Amino acid sequence: MSVVALVPAAGRGVRLGAGRPKALVPVNGESLLLRATRGLLSSGRVQRVVVAAPPDQVELVTAELAELPAAHVVPGGAERTDSVRLALDAVPELAPDARVVLVHDAARAFTPASVIRGVVEAVEDGAPAVIPVLPVSDTVKEVDEAGDVVATVDRSRLRAVQTPQGFAIDVLRQAYAEAGDIATDDAGLVERIGGKVRTVEGHPDALKITTAFDLAVAESVLARS
Ligand SMILES: Nc1ccn([C@@H]2O[C@H](COP(=O)(O)OP(=O)(O)OP(=O)(O)O)[C@@H](O)[C@H]2O)c(=O)n1
Ligand SMILES: C[C@](O)(CO)[C@H](O)COP(=O)(O)O
């Protein structure tokens with residue numbers, strides 16, 4: 001089955017505060033976006049990548065990915081879901097034979113190939129939507145507006161969610177058409193239309209680089225490999 005990956009990379013990286021879009025921040029001389037895109041293609045399971053770039057930096061992002069001819073760049077939007085929607089809209093033209101679609105944060109640049117393959121295989125196995133997850137290791141509390149604890153949540157059934165998230169392409173299209181922009185991840189939109197979402201094992205290296213601390217962790221991931 002032909003697989004296309006959408007890479008939302010149009011965020012500003014405010015929490016990282018690097019003075020440029022987070023996707024273009026280098027780790028050991030290579031940007032998060034180049035690493036994330038190359039990782040998808042070198043998994044051997046992804047044939048095309050559609051990257052959503054900050055609308056005013058499409059040329060710069062295109063140049064950044066020049067070594068990867070299977071990657072195409074489109075302007076992203078104001079929110080992550082807008083960027084994913086714009087990339088998904090470009091699929092009929094850029095990857096017309098795609099039957100499986102992955103959505104993968106540029107910010108999760110060190111995701112192992114095993115996670116990417118596991119997600120694709122689960123979709124090929126018939127799951128309409130697939131997410132990589134990790135168990136939650138902290139105790140989790142629910143609090144009220146004042147910050148006082150309301151309850152201790154049973155963490156044995158909680159999972160932290162990563163990307164890439166994988167979908168039968170018609171399912172993601174239907175979710176984006178019907179669910180509105182009310183979820184913080186793409187599988188959340190599938191849940192909103194009553195779709196089933198399967199989990200597969202994630203990996204600590206697939207962390208989302210959000211803050212300067214995360215960037216330091218990513219550098220140590222790279223030093224280890
Ligand atoms: N309008 C947006 C916002 C986010 N993203 C992308 O969605 C992924 C996850 O978003 P996040 O980590 O929150 O990135 P930023 O929005 O850049 O971070 P911040 O909120 O700190 O500005 C990133 O690859 C980011 O580039 C996007 O494509 N379009
Ligand atoms: C999609 C995601 O990476 C799954 O954990 C996450 O929800 C993105 O969240 P953000 O608010 O864009 O940082």
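The radius of gyration of the protein, taken over C-alpha atoms, is 17 Å, and this agrees with the value near 17 Å that a compact globule of 225 residues would have. The globule rule behind that comparison is 2.2 Å times the number of residues to the power 0.38. Along the principal axes, the C-alpha atoms fill a box of roughly 50 × 40 × 35 Å. This is a predicted model, in which local features need pLDDT of at least 70 and side-chain atom pairs count only at pLDDT 80 or more, while totals for chains, interfaces and linings use all residues. Residues are numbered from 1 along each chain as its sequence is written, and chains are lettered from A and ligands numbered from 1 in the order in which they are written.

How confident is the predictor? The mean pLDDT (the predictor's confidence in each residue, from 0 to 100) is 96, and 100% of the residues reach 70 or more. The model also scores ipTM 0.97 and pTM 0.97.

The protein has 8 helices and 12 strands; these are DSSP runs numbered from the N terminus, with helices (H or I) of at least four residues and strands (E) of at least two. Buried residues make up 44% of the 225 residues. A residue is buried if 20 or more other C-beta atoms, placed from the backbone, lie within 10 Å of its own, exposed if 12 or fewer do, and partly exposed in between. Two residues are in contact if their C-beta atoms lie within 7 Å. Among contacts between residues at least 6 apart in sequence, 68% join residues at least 24 apart.

A nonpolar core is a set of buried Ala, Val, Leu, Ile, Met, Phe, Trp, Tyr and Cys residues joined through C-beta atoms within 7 Å. The largest one has 67 residues, and Ala52 is among those with the most contacts inside it. Beyond four places in sequence, the contacts of Ala52 include Pro8, Ser83, Val84, Leu86 and Ala87. Helix α3 (residues 80-89) is mostly covered, with 8 of its 10 residues buried; Arg80 and Ser83 are among the buried ones.

Ser83 is one of the residues that come nearest to ligand 1, together with Pro8, Gly11, Val14 and Arg15, out of 23 around it. Here, a residue is near a molecule if its C-beta atom lies within 6 Å of it. The shell of ligand 1 divides into 10 nonpolar, 6 polar and 7 charged residues. Ala, Val, Leu, Ile, Met, Phe, Trp, Tyr, Cys and Pro count as nonpolar, Asp, Glu, Lys and Arg as charged, and the others, Gly among them, as polar. Arg80 is one of the residues surrounding ligand 2, as are Asp105, Thr163 and Lys208, and that shell holds 1 nonpolar, 3 polar and 4 charged residues.

Two backbone features are worth a look. Most residues other than glycine have a negative phi, and most peptide bonds are trans. A cis peptide bond, however, joins Thr163 and Pro164, with omega about 10°; Pro164 sits in the loop between β10 (159-161) and β11 (165-168). Asn28 has a positive phi, near 50°, and counts as exposed because 9 C-beta neighbours lie inside 10 Å.
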